[in-house]
Amino acid sequence: MNVIFTAVFIASMVAIAISAPDKLLSSLLGGAESAAKMSLTLFCIYAVWMGLSKLAEKSGLSKQMARGLKPITRRVFKTDDETANENLAMNVSCNLLGLGGAATPFAVKAIGELEKQGNSFAQKLLFVINATSIQILPTTVIALRAGAGSAAAADIFLPSLICTAVSTGLAVALYLAGNKLWR
């Protein structure tokens, strides 16, 4: 993949240098500036949400959420482990809020706990759910659109909800069907 990317980049640079040499440097600098702004925006979004999730963890809110989601996580992931359920609940809630990057540490912790139990079904199911991650509120995408100057950054709400619900439902159904088929 790196070779393909490098070849496309070099070919593009040569094409720009031949067709519009005066725009070559401005294009490179403009792209670097946009990438830096986007990175800073993402950093700020994740810093805020990771701080809030850490605060929820320290205040006991995550344990209360885990208790509330425990019947669901116990049934879906087939685990009774308190730590795993707490991490699964935080992961699912972060994904529901559109914070895939903030959900990742909780997924890693949950996978570790599920691995101790030997629950490979739940590990794989968590991977499938994380890969598709249904989002009730796509906060990261909305923040990125707002940062890019979108006049209606939240217009992505309904299409995102529909697409992520369909993709998560289909992915889970295919995983469960495949799991039964290859047992």
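1. The lining of the second largest pocket in this predicted model divides into 9 nonpolar and 2 polar residues, with no charged residue among them. The residues concerned are Trp49, Leu52, Ser53, Ala56, Leu61, Met65, Met90, Ser93, Cys94, Leu97 and Leu99. Helices H2, H3 and H4 are the elements that give two or more residues to this lining, and H2 gives the most, with 4 residues. The space in the second largest pocket comes to about 160 Å³.

2. The largest pocket has a volume of about 390 Å³, and 20 residues line it, with Val76, Phe77, Leu125, Ile129 and Val172 lying nearest its centre. Two or more residues of that lining come from each of helix H3 (61–77), helix H4 (82–96), helix H6 (120–132) and helix H8 (157–181). By class, the lining of the largest pocket has 12 nonpolar, 5 polar and 3 charged residues, whereas the lining of the second largest pocket has no charged residues.

3. Asn95 deserves a separate comment. This residue is found in helix H4, and Asn95 counts as buried because its relative accessible area is 4%, which falls under the 20% limit. The side chain of Asn95 makes a polar contact with the side chain of Asn130, at 2.6 Å.

4. Lys37 counts as exposed, at 53% relative accessibility, while Glu33 is partly exposed, with a relative accessible area of 46%.

5. A further salt bridge joins Lys116 and Glu113, whose closest N and O atoms are 3.3 Å apart. Lys116 and Glu113 lie 3 residues apart in helix H5 (residues 100–117), so the two are separated by about one helical turn. The accessibility of the two partners should be noted with care: Lys116 counts as exposed, at 67% relative accessibility, whereas Glu113 is buried, with a relative accessible area of 17%. Glu113 is assigned to the buried class because 17% is under the 20% limit.

6. Asp80 forms a salt bridge with Arg74, and the closest N and O atoms of this pair are 3.1 Å apart. Asp80 is exposed, with a relative accessible area of 54%, and it is placed in that class because the value is over 50%. Arg74, by contrast, is partly exposed, with a relative accessible area of 35%.

Notes: Residues numbered from 1 in each chain as written. Predicted model: local features only at pLDDT ≥ 70, side-chain atom pairs only at ≥ 80, totals over all residues. Heavy atoms only, no water. Buried < 20%, exposed > 50% of the residue type's maximum accessible area, 1.4 Å probe, protein only. Salt bridge = Lys/Arg side-chain N within 4 Å of Asp/Glu carboxyl O. 1 Å grid on protein atoms, 1.4 Å probe; cavity = no way out; pocket = protein on both sides within 12 Å on 5 of 7 lines; lining within 4 Å. Points joined across faces, edges and corners; volume = space filled by probe spheres on them. Nonpolar A, V, L, I, M, F, W, Y, C, P; charged D, E, K, R; others polar. Polar contact = N/O pair within 3.5 Å; in protein donor to acceptor, adjacent residues only side chain to side chain.
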